[in-house]
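Subject: Structure handover

Hello,

Here is the structure you asked about, with the sequence alongside. My notes on what turned up follow below.

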Amino acid sequence: MKFTRRDFIKTSAAAGAAAGISEFAALSGGSLSAADAPRLVTFSDWLRADRETRKRGLELCLQRIRELEPSIHAWAKVQPERPTADGPLSEIPFGAKDIIETQDLATEYGSPLYKGRLGTKDAAIIREMRNRGAILLGKTVTTAFAYRTPGPTRNPRNLDHTPGGSSSGSAAAVAAGMVPFTIGEQTRGSMIRPASYCGITGFKPTHDLLSMEGVLPFAKSEDTLGLYTHTAADMIALWRALGHPEGGEEQFSFGAPEPIPECEPEMANAFRQSISLLRHAGVVIKTINISGMLKKLEAANDLITTYEGARFHEARLKEFGDRLDQPVATLVREGLKIPTQRYDEATKFVSDNRVRMAEIFKSTPVILTPAATGPAPSGISTTGDPAMNAPWTALGTPAISIPMPISNGLPLGLQMTADLRQESRLLHAAIQLQARFKAGPKISPA
């Protein structure tokens, strides 16, 4: 179905961006026919393309948004910038979660209270992308203040299901092929869970490795920027393009918890079958006993984020009162009741277990767990349960999700984690396992 500019203005959730889209399309010479359209979907496709192909590919992204955005609603604002620098990401478009400041572009925190607010200064991560030549295509939908109230975004794999959150639009935009990569953020499970639900690769580096300057805080000891691409190979290519060390492939034993952390039968079955498939493919996977610790770490993450989030948003509740998003208002009221002693105990528990996990990582440098409690829930009234991801966010360790080889149904992700600052090890391991999945049989989680 071909959408005209008028169709886009009438039906798209990003209708306010239509002028920006048409202006940018005019710079690249107008509409592309199917025969002229370059085949650019994954980040690796874009990286291999020459400058002219990338320029034409940008218009293709805009066409895809015009066609799919009315049903997916991944974007809060589409307003492509003009290229500002040359570098490894020249002419490659990306999207950024709408809690990340962008100069002269809407930064509304997913809340109607900030509708029409323009950012006054680019966040550090936006400056970094622009300095490498990347083109900010627009802002992606987030839950209100990156907390619990969902936006309108739907899962591109099945529109009747949530894409997860709070980085809802960032995950959906990549899964729908609207853009080769996006920036999201995780405080509990907001990067890894949407990657699992949408069947893409989500990567959360070590806490504070990517600067949070210019990103709306929630709980500063947990808030972590992350990235979405289609595959693990795309992710390591993006990581390299951002100037981070790539390392090389290593041989080691992986770890997998037994018992499996508590999750839905569909996820538990898929996880068991994936571990079995990998073992048959020659991957050494040792059983480790960490499920009890992970459950306690999830509770610690919940307490820490509630305590810190309440204190950050307290001023917002005083300013807006009953107009404030109800879950955030409840968070403030409940979080302010948490005694500092309980918060200190939780942070000490996390610190102690960070040391314990460092020892476990010595014998099993990468640990495999489910990336979510199950498939994407039906509807968009909830963004799902972060229980599988919150322990690793508390520890601050890097984590990545890759799709398991499911034969039918909604996507299910495999979460992989490594010790602090072991991003290159984790990325190479993800590429290795994704290749094994691709070569092996499909599995049925039912």
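Two residues are in contact here when heavy atoms of theirs lie within 4.5 Å. Please keep in mind throughout that the model is predicted.

Is S401 buried or exposed? The cut-off for buried is under 20% relative accessible area. S401 has 0% relative accessibility, so it counts as buried.

**The nonpolar cores**

The largest nonpolar core holds 104 residues. Which of them touch the most other members? They are L89, I100, M129, F254, L368 and M416. Helix α8, residues 232–241, gives this core its largest share, seven residues.

L368 is worth a look on screen. Neighbours within four places in sequence are set aside here.

Another core lies apart from the largest one. This other core has 20 residues, including L297, Y307, Y343 and I360.

**Helices α10 and α11**

Next, a helix pair. Helix α10 covers residues 291–320, and helix α11 covers residues 326–335. Their axes come within 8 Å and cross at roughly 115°. The crossing of α10 past α11 is left-handed. On the α10 side, the contact uses T306, Y307, G309, A310, R311, H313, E314 and L317. On the α11 side, V328, A329, L331, V332, R333 and G335 take part. By type, the residues of this contact are seven nonpolar, four polar and three charged.

**Salt bridges**

How many salt bridges does the whole structure hold? The search finds 21.

- D98 and K139: their closest N and O atoms are 3.4 Å apart. D98 lies in the loop between β2 (93–97) and α5 (124–131), and K139 lies in strand β3 (residues 135–140), so the pair ties together parts that are 41 residues apart in sequence. D98 and K139 are both buried.
- D302 and R188: the N to O distance is 3.9 Å. This pair also links distant parts of the chain. D302 is in helix α10, R188 is in the loop between β4 (181–186) and α7 (192–198), and 114 residues separate them. D302 is partly exposed, at 31% relative accessibility. R188 counts as buried, at 16%.
- R240 and E246: these side chains meet at 2.6 Å, N to O. R240 is partly exposed, with a relative accessible area of 38%. E246 is partly exposed too, at 28%.
- E81, D122 and R130: salt bridges link these residues in a network.

**Backbone points to check**

Where are the cis peptide bonds in these notes? One runs from G165 to S166, with omega near 10°. S166 is in the loop between β3 and α6 (168–175). Another runs from E258 to P259, with omega near 5°. P259 is in the loop between β7 (254–257) and α9 (265–280).

Positive phi values come next. H73 is a residue other than glycine, yet its phi is positive, near 60°. H73 is found in the loop between α4 (51–72) and β1 (75–78). Is H73 buried or exposed? Its relative accessibility is 17%, so H73 counts as buried.

D104 is also a residue other than glycine with a positive phi, near 60°. Its place is the loop between β2 and α5. D104 has 53% relative accessibility, so it counts as exposed.

Best wishes

Definitions and conventions:
Residues are numbered from 1 along each chain as its sequence is written. This is a predicted model: local features need pLDDT of at least 70, side-chain atom pairs count only at pLDDT 80 or more; totals for chains, interfaces and linings use all residues. Side-chain values use heavy atoms; hydrogens and water are left out. A nonpolar core is a set of buried Ala, Val, Leu, Ile, Met, Phe, Trp, Tyr and Cys residues joined through side-chain atoms within 4.5 Å. Buried means under 20% relative accessible area, exposed over 50%, partly exposed in between (1.4 Å probe, protein chains only). Helices (H or I, at least four residues) and strands (E, at least two) are DSSP runs, numbered from the N terminus. Axes are lines fitted to C-alpha atoms, for helices over the stretch in contact, and angles run from 0 to 180 degrees between N-to-C directions. A crossing is left-handed if the near helix is turned anticlockwise from the far one by less than a right angle, and right-handed if clockwise. Ala, Val, Leu, Ile, Met, Phe, Trp, Tyr, Cys and Pro count as nonpolar, Asp, Glu, Lys and Arg as charged, and the others, Gly among them, as polar. A salt bridge is a side-chain nitrogen of Lys or Arg within 4 Å of a carboxyl oxygen of Asp or Glu.
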